[in-house]
Each structure stands twice: as C-alpha cells, then as structure tokens.
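This report goes with the sequence and model shown below. Please keep both in view while reading.

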Amino acid sequence: TAFKEPTAYEQHGTDSWGFQGNPDLTAEHSQTVEVGYRNTWLDTVVYRTEITDLLTYQSNTYVNAPGTSVIQGADLRLTHTVDDVTITNGLSLVRAKDSSGKQLLRRPEWQNTLAIGYAIDSTQQLSAEWNYYGSHQDINSTTWATETQSSVSTVDLGYELYHKQKRFYATIGNVFDQQYERPNGYAQQGRNFELGVKLEF
C-alpha cells in the first residue's frame, strides 16, 4: 500500500497561462500486488496497482480523479554470458489507465534496455547500451493539450578501468545526438561526455 500527497504547487500554485492550484486536493492511495521469480539468468515480475483519488491535470488545475485507476504490467530481465561478453535485456510492459479507460500521462506501454558488456581483462570493460522509451501521452507545454509523444531510442557507450580500489570511467551518452523532450517542454541532453572516478573503501 502507498499514498502520494499533492505538492504545494498542485494545491496553491499559479502561473500566467491560467493555471490555478486546487487547495481541496487530497492524497491519492494505491494498493499493489506483484508476483516475481528470479534466478541467475532470469528476473521477472507481474503486477497490478489500483489507485484511488488519482492526482490528475484537468482544465488548468489538478483534481482527484473519480473511480479507480489501474496500472498493470510485467518486467522481464534476461542475462546471458558467453566467454567475456555479457548481454542483458530488460523489457517493461505497462498498461496504465484511469477509471474511464483513458491512458495515464507519461507512462509508455513499452520500454526496453539492451546492454552489452565486454571484459577486456580483469580490470577493464567496454559497454554499449540501447534504450527504448515508447510512445506515450503527455501535455503539450505550449498548448496544454494532451497529445501522443513519439518513441525515442538512444545509445550510450562506456569504458571502465578498475585500479587500486578506484573505478575510472568514461561515457558517451546519446551517441547519435537524439533530440527529445521528457516531459514535453523539458529538453534532454543531446550527445554528452562524462569522465569520473569512484572510490571503493
């Protein structure tokens, strides 16, 4: 079981585009049941969540949606190693709808992450990762209309070196410089680079 309190902005915020907070909002409550199984190469779970008093955007404010909203889905993660190569694939299926059957915002039906790691030796590793984020409903940040956002795929590359309890790493994120917003109106990073070190003690 869980609950989510409305934010101060949802209750009392205002802006110059007509938004007006709703001080009468109450917390949303949820109940989740899930069943899973895990071993060395498989990790899977199926679940169902029922939400009452869902906090949702409607007519320039937030309201508690009537009825019961339902989120149900499954996660599947497979891992396979051949010699120095490890392949991991994580797949997520989500069906998220409010009490009227309308798809909930920012919850894509499909997401997938495929990661490949190559151990050069006991201290060095190369990695590549493909991330897929499926099409979903969102609110247009300019018109405030609910619309479908296209799916997005990004690729990341990385290198890691472990030496004397220090883990040095370098990554190239969003290799193909995919331009996208998540949520709508909030641009995410294009191609980016990161260098770092982690200390282990």
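Trp 110 is partly exposed, because its relative accessible area is 39%; buried means under 20% relative accessible area, exposed over 50%, and partly exposed in between (1.4 Å probe, protein chains only). Trp 110 sits in strand E8, residues 110-119. Helices (H or I, at least four residues) and strands (E, at least two) are DSSP runs, numbered from the N terminus.

Trp 110 also belongs to a nonpolar surface patch of about 440 Å², together with Trp 41, Leu 76, Leu 78 and Leu 91. Patches are made of residues with over 30% relative accessible area and no salt bridge; like charges are joined within 9 Å, and nonpolar side chains (Val, Leu, Ile, Met, Phe, Trp, Tyr) within 5 Å. A salt bridge is a side-chain nitrogen of Lys or Arg within 4 Å of a carboxyl oxygen of Asp or Glu. Accessible areas come from the Shrake-Rupley method with a 1.4 Å probe, and for residues only the protein chains shown count as cover.

## Basis of the values

The model is predicted: local features need pLDDT of at least 70, side-chain atom pairs count only at pLDDT 80 or more, and totals for chains, interfaces and linings use all residues. Residues are numbered from 1 along each chain as its sequence is written, and side-chain values use heavy atoms, with hydrogens and water left out.

## The chain as a whole

The chain has 1 helix and 14 strands. Its C-alpha trace spans about 60 × 40 × 35 Å along the principal axes. The radius of gyration is 21 Å, whereas a compact globule of 201 residues would have one near 17 Å; this radius is taken over C-alpha atoms, and the globule rule is 2.2 Å times the number of residues to the power 0.38.

Of the 201 residues, 27% are buried. The accessible surface comes to about 13200 Å², and carbon and sulfur atoms account for 53% of that area. Among contacts (heavy atoms within 4.5 Å) between residues at least 6 apart in sequence, 44% join residues at least 24 apart.

Strand E2 (residues 28-38) is joined to strand E1 (residues 2-4) by 3 bridges, and the two run antiparallel. Two strands pair if DSSP finds at least two bridges between them. In this pairing, Phe 3 stands opposite His 29 of E2.

E2 is also antiparallel to strand E3 (residues 42-52), with 10 bridges between them. Ser 30 has Ile 51 of E3 as its bridge partner. E2 and E3 form a hairpin, with 3 residues between them.

## Loops and backbone angles

Most residues other than glycine have a negative phi, and most peptide bonds are trans. Asp 83 has a positive phi, near 55°. Asp 83 lies in the loop between strand E6 (68-82) and strand E7 (85-97), and counts as exposed because its relative accessibility is 73%.

Asn 174 also has a positive phi, near 50°, and is placed in the loop between E13 and E14. Is Asn 174 buried or exposed? Asn 174 is buried, because its relative accessible area is 5%. The loop between E13 (166-173) and E14 (192-199) also holds Pro 183, which a cis peptide bond joins to Arg 182, with omega about -5°.

Ser 122 is in the loop between E8 and strand E9 (124-133), and is exposed because its relative accessibility is 76%. The C-alpha atoms of Ser 122 and His 12 are separated by 55 Å, and these residues are 110 apart along the chain.
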